Amino acid sequence: MFQEKNKKEARGEPDALARRMPQARSRVVISRCASYDRRDLSLALRRIFDSLGGLSSVVKQGSRVFVKINHLSPSSPPERAILTHPSFTREVLQLLSDSGAELTVGDDIYSRHPDGFSLSGYRAVCDELGVRLVNLKETGFVEVAVHGKVLKKTYIARPVVDADVIINLPKLKTHSFAIFTGAIKNMYGVIPHGLRLAYHRRYVRNDVFSQMLVDLFSCVPPQLNIMDAVVGMEGEGPSAGKPKKVGLILASRDAVALDAAAARVIGYGSSAIYTTVFADERSLGTADFRKIEVAGERLEDVVVSDFRHSAVAVSFFKRWLPSVLYAYIQNQLTLIPEIRRVACEACLECVSICPPRAISLLDDAACIDESNCIHCLCCHEICQYQAIKLKQLPLGRLLRKGDAVFKKASAILNKRT
Ligand code: SF4
Ligand code: SF4
């Protein structure tokens, strides 16, 4: 692994990454897109780029552009809606290639297959377009200083640090641990896989983990974010949920505003998602709809009222309760991974990914030592046989129902005002 100090910072040069901050007034463009058909995608993306002032406002001839997809490991076919759909990325790349920019597409993925990008279709797409596709674990990482709430330094993939422009292509999904995964969380993939596991081990509370995600995001804020919400994922995302047709593409230069809008589409208020709240508090973008201009479709017209959330929705409680009580409630809401032995194929993926080594193989099936589990849910994320289900304590389930009722009532009241 390549390591060096953040040389620009050491030399006192202005931080190139800091110049990527969003403009004062944030525009989020929402466009309907019925399918991953090339015509539908092309029309929607052209509408979006026009509304954002044209691609030339972001990408110049010869710019080194890094396109961050949400790929996730292990690789999966696009119809499972775990990853940014390769057809969506293909159309973005096609439009970008007209700009004369030097394009690199990538993510940090873990795969037993020699080429983790083949099953997902990414290898075929990038080969066809002649675009460089990289697994970040093979390109080296650079040590960078972080002036964060949690992190003081971290390691960022070299193609990301070297890029003049970062274009972020998140997928609209729920997340069993972070509640929602969008533009901010997608940048978590630019650090090494092993470090991600270490952070999961170290920052076990959702709020602290989310501060860490925002620390990371502050190092690599993208200039443009285009979210694949044509088919999202509901329920227990980011990998074990169900595909859900949403029929939208959302885009913004401000990742925070984009996440705030996307969260609303699936029924969350801005204050429900820690990463959005913290990034807004640190002025890394805005989640305040008085400062967001929504163009294209009206937000209230595209809300998916039956979008199923993950079982850790706790937004209702966090503002009102003393911290001791809130910590207790969070405990009750914790999701506990449980192996379905009949479905387990003993592939050992969960064993090797578990940060505290809490999983072992027992009689040809995985077995979790609950006393060592830190509830990072990495095992649930990686199991491709859906052999790990998540359970919740009875009080947790009850509280969650209360939260759902509260959200429905709030949505009705918000519509009336
Ligand atoms: S639980 Fe899933 S990931 Fe773990 S060994 Fe069984 S099949 Fe593999
Ligand atoms: S058993 Fe699963 S949830 Fe628990 S620590 Fe290991 S990977 Fe994380």
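**Close-up views of a predicted model**

**View 1. Contact between helices H2 and H3.** Arg38, Leu41, Ser42, Leu45 and Phe49 in H2 meet Ser87, Phe88, Glu91, Val92 and Leu95 in H3. By class, the residues of this contact comprise six nonpolar, two polar and two charged. The model is predicted. H2 covers residues 38-51 and H3 covers residues 86-97; their axes come within 10 Å and cross at roughly 50°. Angles of 65 to 115 degrees would count as roughly perpendicular and those under 35 degrees as roughly parallel; H2 and H3 are therefore oblique to each other. The crossing of H2 and H3 is right-handed.

View 2. Phe66 belongs to strand E2, which spans residues 64-69. A residue counts as buried if 20 or more other C-beta atoms lie within 10 Å of its own. Phe66 is buried because 27 other C-beta atoms lie within 10 Å. Apart from neighbours within four places in sequence, Phe66 is in contact with Thr104, Gly106, Pro159, Val160, Ala163 and Ile166. Glu102 is 36 residues from Phe66 along the chain, and the C-alpha atoms of the two are separated by 8.5 Å.

**View 3. Helix H10 and its cover.** Helix H10 runs over residues 274-281 and is mostly covered, with seven of its eight residues buried. The buried residues are Tyr274, Thr275, Thr276, Val277, Phe278, Ala279 and Asp280. Among the elements that cover these buried residues are helix H6 (183-186), helix H8 (206-219) and helix H9 (255-265).

**View 4. Residues around ligand 2.** There are 14 residues around ligand 2, and those that come nearest are Cys354, Cys373, Cys376, Cys378 and Cys379. The shell around ligand 2 consists of 13 nonpolar residues and one polar residue, with no charged residue.

**View 5. The whole chain, for orientation.** The chain holds 15 helices and 16 strands. It has 417 residues, of which 49% count as buried. Among contacts in the chain with a separation of 6 or more, 75% are between residues 24 or more positions apart.

Methods
Residues numbered from 1 in each chain as written. Chains lettered and ligands numbered in written order. Predicted model: local features only at pLDDT ≥ 70, side-chain atom pairs only at ≥ 80, totals over all residues. Helix = DSSP H or I, 4+ residues; strand = E, 2+ residues; numbered from the N terminus. Buried ≥ 20, exposed ≤ 12 C-beta atoms within 10 Å, placed from the backbone. Contact = placed C-beta atoms within 7 Å. Near = placed C-beta within 6 Å. Nonpolar A, V, L, I, M, F, W, Y, C, P; charged D, E, K, R; others polar. Axes fitted to C-alpha atoms, helices over the stretch in contact; angles between N-to-C directions. Parallel < 35°, antiparallel > 145°, perpendicular 65-115°, else oblique. Left-handed = near helix turned anticlockwise from the far one by under 90°.
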